[in-house]
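User: Could you walk me through some strand pairing here? I'd like to go one topic at a time.
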Amino acid sequence: MIEIKAKLLRADSAIYATGECVECLIEFTHKVFAEEHSKPSERNANNANLENLAWASVQLHCYRKTSFNTPSADKSTELAELIGRTALDAVTQAPGELIVTTKPKILFCDLKLQPGETKMYFFNEMVPRDGPPTYRGHDIRYFYKITIATQRVKSKVQMLTVPIRVLPIPMIARPDELPVTVETNEELAPTNPFLEKREISELEISWHHLKNVTARRAPKFYRISNKRGFVARFCLFKPAYKLGEDIVGSLDFANCQVRCVQFSVKLQQQELPIRPQPEQTQVPTGDDVSSLNSFDMASIASGIAVDNMHKSETSGSARNKDEPVPTGKLSTISTSHQVCYATLQTQVVVPIPLHVTPTFRTDLVDVKWRLHFEFVTSVMMDFGTPNPVSGELKAPAELPVETMVWNLPVTIYAANPLQIYAPSQTYNLLIK
């Protein structure tokens, strides 16, 4: 019996970024049981207990499972490209469509193991830069697996898969950033002729560019109003965030014409199909129902000639009824709720979990993020009536309210995989 063990070298995090190197240790052990230990002379007399493996190879595969109607030509093209290669036939044994595959790396050929003997091999591979990230959505899934395949003589192929999580790293938007970064580092480096010049990789430049994008503060102010008047002013300190950060904003209710009783902010993920799908009668659920049944919709007040006042996509009169904006499939990740009837200013803090997928786009799906606001407003500006006996305010028996919604898009980028704690385990396979 042969046992195959595989363990990633990055023990604290089985998460990698596109363009990063995946390293894995693979062990092949000839397992020996107590019965075989009791007869050492017979084992040495003949080589019947000698285990022989014909070959072993390792590859990195990316699979896709979707309920979309993909053209059959795409699948036939993918299968035709794999014919004639020395790659493992992972298409027939895969749990989904194979969309990205690396070149196979042969570990050995004709390996012979004595009882109790162990052979260890090292595997490393670069995650393709153009591959999709790991994503588990409503209608589509992307997932990566390291496939370790081996075969005995005159036996079927045995496979061991090691799942990994891949985060997307955006490409450099400007090609001229590469030489600028290199020149800057050379100027800051010590002028020692005996020091070796270290080349800066494209992944390092991408991380540097990502830090600049997510750390840049550019406050934007949004004036929120409905048909009854001004409700609040929302300030978002920056439009781009990383996984694990908090989306921090402020709401200013000063000089409002409509009183806000309470509000909630939801961080939602949108899954938008890119290819046209068959038209189906969609019944609005969840947040869409509240937006349809609301008495009034949110809108950004027009006619504001200030540079730091911006317009955003809303669910109200600003939308063109002839051209509806698709919402796709929505997933609510985190929620913040506050009661703010007599509040002049308050903060909004919405955390971004580490397990979600950042913003990305492929040929089938476009994943976006947004902040979904729900305001409960009232035209009753003064809460209650004075009580002449005790001198306190008497709460009203009824409070007329209306509901309005507003959507604000945000961009979420990947965090450094080393900052996300996701310990990797050891995967094993027994070949009898």
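User: How many bridges join β4 to strand β5?
Analyst: This is a predicted model, and in it four bridges join β4 to strand β5, residues 97–101, with the two strands running antiparallel. Within that pairing, Y63 has L98 in β5 as its bridge partner.

User: And how many bridges join β4 to strand β9?
Analyst: Twelve bridges link β4 to β9, which spans residues 140–151, and these strands run antiparallel; W55 stands opposite Q151 of β9. Strand β4, residues 51–66, also pairs with β6 in the antiparallel sense over seven bridges, where A56 has F108 as its bridge partner in β6.

User: Switching to C109, is that residue buried or exposed?
Analyst: C109, which is found in strand β6, residues 105–113, has a relative accessible area of 57%, and it counts as exposed because that value lies over the 50% cut-off.

User: Which residues is C109 in contact with, leaving aside its neighbours within four places in sequence?
Analyst: With those neighbours left aside, C109 is in contact with A54 and W55.

User: New topic: what's the order in the open sheet of four strands?
Analyst: The order is β7-β3-β1-β24, with antiparallel pairing. Strands β7 (118–126) and β24 (427–431) are at the edges, each with a single partner strand, so one side of each has no neighbour in the sheet. The twist averages 20 degrees from one strand to the next.

User: What about β1 and β3, how many bridges there?
Analyst: Strand β1, residues 2–8, pairs with β3, residues 21–30, in the antiparallel sense over seven bridges, and K5 stands opposite E27 in β3.

How values were computed: Residues are numbered from 1 along each chain as its sequence is written. This is a predicted model: local features need pLDDT of at least 70, side-chain atom pairs count only at pLDDT 80 or more; totals for chains, interfaces and linings use all residues. Side-chain values use heavy atoms; hydrogens and water are left out. Two strands pair if DSSP finds at least two bridges between them. Axes are lines fitted to C-alpha atoms, for helices over the stretch in contact, and angles run from 0 to 180 degrees between N-to-C directions. Buried means under 20% relative accessible area, exposed over 50%, partly exposed in between (1.4 Å probe, protein chains only). Contact means heavy atoms within 4.5 Å.
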